[in-house]
Amino acid sequence: MAASKKKQDEKHLKILRELVSEPGNKKCAECQQRGPTYVDMTMGTFVCTTCSGLLRGINPPHRVKSITMTSFSPEEIEKMQNAGNEKNNRVYVGKWTEKRDPTPETMEDMKIKFFLQDKYERRRWYLEPGAEPPNRPPAGSNTPETKPLSQLLGNAAPKLVVESRTVAPTGTPPTSRGSLPGTPNLPAPPGVQRKGSTLAQPQVAAAPAPAAAPQQQSLLDLNEAFSAPASQPAQPFGGQPTPFGAAGTQPAGTLRPICFS
């Protein structure tokens with residue numbers, strides 16, 4: 001009895017290893033990690049170790065078994081042969097698009113958990129079996145499928161060469177074209193003299209020097225002018241000289257003393 005059970009387990013293990021080596025089952029059905037080591041018996045898919053633990057925590061929990069550490073019944077092996085990752089994803093992520101809903105990273109457990117909840121609990125991308133995905137044209141439609149040009153032409157696709165041109169910045173004066181072979185000499189702009197193959201800058205007349213500012217007379221000069229003795233006024237014909245200090249005879253430029261009583 002034990003020998004037949006062992007023989008049956010070896011047979012089932014061989015079948016599971018053949019199934020997991022198929023192109024559609026080489027990666028985890030949830031996070032696309034290579035080398036699945038567990039089986040999700042609820043969905044009939046092959047998953048990695050991380051996703052196997054997360055699948056047990058969603059509602060309702062999935063029944064997960066190790067490929068090499070547990071035994072399988074003939075009914076479970078038959079279910080796995082009729083299922084697989086591609087068939088499961090065709091239904092539960094049938095409306096999923098990579099641009100709108102990127103695949104979570106394998107090292108971010110929380111994002112993978114949210115992804116599994118959207119996939120199985122909320123059925124966010126669920127598509128009825130047999131229905132056409134919304135991003136694909138229906139069967140018999142005349143709309144051609146969009147493919148990249150490299151895939152259509154293959155190795156015969158021509159290479160596109162883009163020439164780069166240097167554009168002079170705004171405000172850069174144009175250079176003379178007379179020195180280039182085969183180019184005509186262009187007339188010089190008004191006020192500019194041409195010398196050889198380059199444009200000479202117009203000569204600008206020098207501005208006149210500013211007029212010298214008038215010198216201001218200092219206070220010392222004014223004091224000397226007032227303190228200088230004035231010429232004695234002319235005396236009347238035949239008269240006597242007026243004594244110094246009399247009224248009306250004070251020389252110009254002298255200050256009269258002021259007495260405070």
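Reader: Is Gly 24 buried, partly exposed or exposed?

Author: Happy to start there, with the reminder that this is a predicted model. Buried would need a relative accessible area under 20%, and exposed over 50%. Gly 24 has 23%, so this residue counts as partly exposed.

Reader: Where in the chain is Gly 24 placed?

Author: Look at the loop that runs between helix 1 (2-20) and strand 1 (38-40).

Reader: Which residues does Gly 24 contact, beyond its neighbours within four places in sequence?

Author: Asn 85 and Glu 86. Asn 85 is 61 residues away along the chain, yet its C-alpha atom and that of Gly 24 are separated by 6.2 Å.

Reader: Now the sheet, please. What is its strand order?

Author: First the general idea: strands of a sheet pair through backbone hydrogen bonds, in a parallel or an antiparallel way. Here, three strands form an open sheet with antiparallel pairing, in the order 2-1-3. Strand 2 (45-47) and strand 3 (64-66) are the edge strands, each pairing on one side only. On average, neighbouring strands are turned by 35 degrees against each other, direction ignored.

Reader: How many bridges join strand 1 and strand 3?

Author: Three, in the antiparallel sense. To see a bridge partner, take Asp 40: in strand 3, that partner is Val 64.

Reader: And which residues touch the most other members of the largest nonpolar core?

Author: In soluble globular proteins, nonpolar side chains tend to be buried together. In this core of 19 residues, the answer is Cys 51, Leu 55, Leu 116 and Tyr 120. Helix 2 (49-55), helix 4 (85-92) and helix 5 (109-121) each give two or more residues to this core, and helix 5 gives the most, with four.

Methods: Residues are numbered from 1 along each chain as its sequence is written. This is a predicted model: local features need pLDDT of at least 70, side-chain atom pairs count only at pLDDT 80 or more; totals for chains, interfaces and linings use all residues. Side-chain values use heavy atoms; hydrogens and water are left out. Buried means under 20% relative accessible area, exposed over 50%, partly exposed in between (1.4 Å probe, protein chains only). Contact means heavy atoms within 4.5 Å. Two strands pair if DSSP finds at least two bridges between them. Axes are lines fitted to C-alpha atoms, for helices over the stretch in contact, and angles run from 0 to 180 degrees between N-to-C directions. A nonpolar core is a set of buried Ala, Val, Leu, Ile, Met, Phe, Trp, Tyr and Cys residues joined through side-chain atoms within 4.5 Å.
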